[in-house]
Amino acid sequence: MTSTQSTHSEVFTVVREVVSEILPEVTDIPGHKHLKDLGADSVDRVEIILALMDHFGVQAPMSDFSAVPDVDRLVAFLAERSTR
């Protein structure tokens, strides 16, 4: 890991914060769940992903996120590509 990459723990904390902002009714974010399993519709998911990409300085096509099966993999994806 380079000094500019975020740790898994840091990324998960931010994911939890962003999801809680967009889906305030969600109080538990298990890593094995997909965002849609947490109640996020397609617009919510795009909003969450865009906010996370902006926060971590990730430049990736939105289509790359369609293959991410759950929150744990989303965190790993962002941690690997983070520039912050």
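Let's start with D70: setting aside residues within four places in sequence, D70 is in contact with G31, H32, K33 and H34. Keep in mind that this is a predicted model.

Is D70 buried or exposed, and which side chain of opposite charge is nearest? D70 is buried, and the nearest such side chain is R73, at 5.4 Å. Even so, D70 has no salt bridge. A salt bridge needs a side-chain nitrogen of Lys or Arg within 4 Å of a carboxyl oxygen of Asp or Glu. What the D70 side chain does reach is the backbone nitrogen of D72, at 3.3 Å.

Not counting residues up to four places away in sequence, H8 touches D72 and V75. H8 and F77 are 69 residues apart along the chain, yet their C-alpha atoms are separated by 9.6 Å. H8 itself counts as partly exposed, with a relative accessibility of 43%.

Now for the nonpolar part. In general, nonpolar side chains of soluble globular proteins tend to be buried together. Here the largest nonpolar core has 28 residues, and the members touching the most others are V19, I48 and L52. Three helices each supply at least two residues of this core: α1 (8-22), α2 (42-56) and α3 (71-81). The largest share comes from α1, which gives seven residues.

Side chains of opposite charge can pair when their charged atoms come close. How many salt bridges does the structure hold? There is one, and E80 forms it with R81, the closest N and O atoms being 3.2 Å apart.

How open are the residues just discussed?

| Residue | Relative accessibility | Class |
|---|---|---|
| E80 | 53% | exposed |
| H8 | 43% | partly exposed |
| R81 | 34% | partly exposed |

E80 counts as exposed because its 53% is over the 50% cut-off. R81, at 34%, falls between the 20% and 50% limits, so R81 is classed as partly exposed.

Key. Residues are numbered from 1 along each chain as its sequence is written. This is a predicted model: local features need pLDDT of at least 70, side-chain atom pairs count only at pLDDT 80 or more; totals for chains, interfaces and linings use all residues. Side-chain values use heavy atoms; hydrogens and water are left out. Buried means under 20% relative accessible area, exposed over 50%, partly exposed in between (1.4 Å probe, protein chains only). A nonpolar core is a set of buried Ala, Val, Leu, Ile, Met, Phe, Trp, Tyr and Cys residues joined through side-chain atoms within 4.5 Å. Helices (H or I, at least four residues) and strands (E, at least two) are DSSP runs, numbered from the N terminus. Lys and Arg count as positive and Asp and Glu as negative; His and the chain ends are not counted. A polar contact is a pair of N or O atoms within 3.5 Å; within protein, one must be able to donate a hydrogen and the other to accept it, and residues adjacent in sequence count only if both atoms are side-chain atoms. Contact means heavy atoms within 4.5 Å.
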